[in-house]
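These are my notebook entries on a protein model. I set out to look up its strands, its core and its salt bridges.

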Amino acid sequence: MAETVKDINKTNRKTYSPAVDILETTNNILLTADMPGVDEKSVEITVEKNFLTVHGMIDPTVHDTLEMSVNEYGVGDYQRVFTFNDEVDRDNIKATLKNGVLKLVLPKSERAKARKIEVISEA
């Protein structure tokens with residue numbers, strides 16, 4: 001059975017906040033998060049009310065026959081929570097992950113998209 005975010009929260013595993021870039025286009029908000037060691041099977045993305053939660057779980061490497069001499073690399077899970085408003089079409093959020101980089105496309109709702117207002121002359 002796969003470990004879930006609720007299971008992780010019950011343990012004392014380190015959790016890091018992944019670095020993110022957020023870009024905005026006319027139609028979308030693009031979010032990129034660095035989560036080294038995470039694959040598509042070990043990331044959970046949830047939307048609840050106005051919160052988008054990204055959680056990536058790491059399976060630490062265990063070296064049975066080796067003894068650690070220097071350990072500078074911190075291993076842990078990733079979690080970050082974002083708040084958004086009604087400007088995001090939450091039913092059409094898409095996510096991809098490649099080489100530990102998570103990309104989310106959050107489409108803007110029609111109401112939030114920029115539009116041109118026609119000016120008419122008064123009679």
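This is a predicted model: local features need pLDDT of at least 70, side-chain atom pairs count only at pLDDT 80 or more; totals for chains, interfaces and linings use all residues.

**Entry 1: an aspartate in a strand.** I looked up D77 and found it in strand 6, which covers residues 77–83. Is D77 buried or exposed? Its relative accessible area is 0%, so D77 is buried, the limit for that word being under 20%. A polar atom of the D77 side chain lies 2.7 Å from the backbone nitrogen of I58.

Entry 2: I followed strand 7 (residues 94–98) into strand 8 (residues 101–107); the two run antiparallel and are joined by 5 bridges. Which residue of strand 8 is the bridge partner of K98? I found V101 in that place. The two strands form a hairpin with 2 residues between them, and N99 in the turn has a positive phi of about 55°.

**Entry 3: the nonpolar core.** I counted 17 residues in the largest nonpolar core, and among those with the most contacts inside it are M35, V54 and L102. Strand 3 (28–34), strand 5 (51–56), strand 6 and strand 8 each give two or more residues to this core. For V54 I set aside the neighbours within four places in sequence; its remaining contacts include M35, Y78, F82, L102 and L104.

**Entry 4: salt bridges.** How many salt bridges does a search of the whole structure find? The search gives 2. In one, the side chains of K108 and E24 meet at 2.7 Å, N to O. K108 is in the segment after strand 8 and E24 in strand 2, so I recorded a link between distant parts of the chain, 84 residues apart. K108 counts as buried at 12% relative accessibility, whereas E24 counts as exposed at 60%.

D86 forms a salt bridge with R90, and their closest N and O atoms are 3.8 Å apart. D86 is partly exposed, with a relative accessible area of 45%, and R90 counts as partly exposed at 29%.

How values were computed:
Residues are numbered from 1 along each chain as its sequence is written. Side-chain values use heavy atoms; hydrogens and water are left out. Two strands pair if DSSP finds at least two bridges between them. Helices (H or I, at least four residues) and strands (E, at least two) are DSSP runs, numbered from the N terminus. Buried means under 20% relative accessible area, exposed over 50%, partly exposed in between (1.4 Å probe, protein chains only). A polar contact is a pair of N or O atoms within 3.5 Å; within protein, one must be able to donate a hydrogen and the other to accept it, and residues adjacent in sequence count only if both atoms are side-chain atoms. A nonpolar core is a set of buried Ala, Val, Leu, Ile, Met, Phe, Trp, Tyr and Cys residues joined through side-chain atoms within 4.5 Å. Contact means heavy atoms within 4.5 Å. A salt bridge is a side-chain nitrogen of Lys or Arg within 4 Å of a carboxyl oxygen of Asp or Glu.
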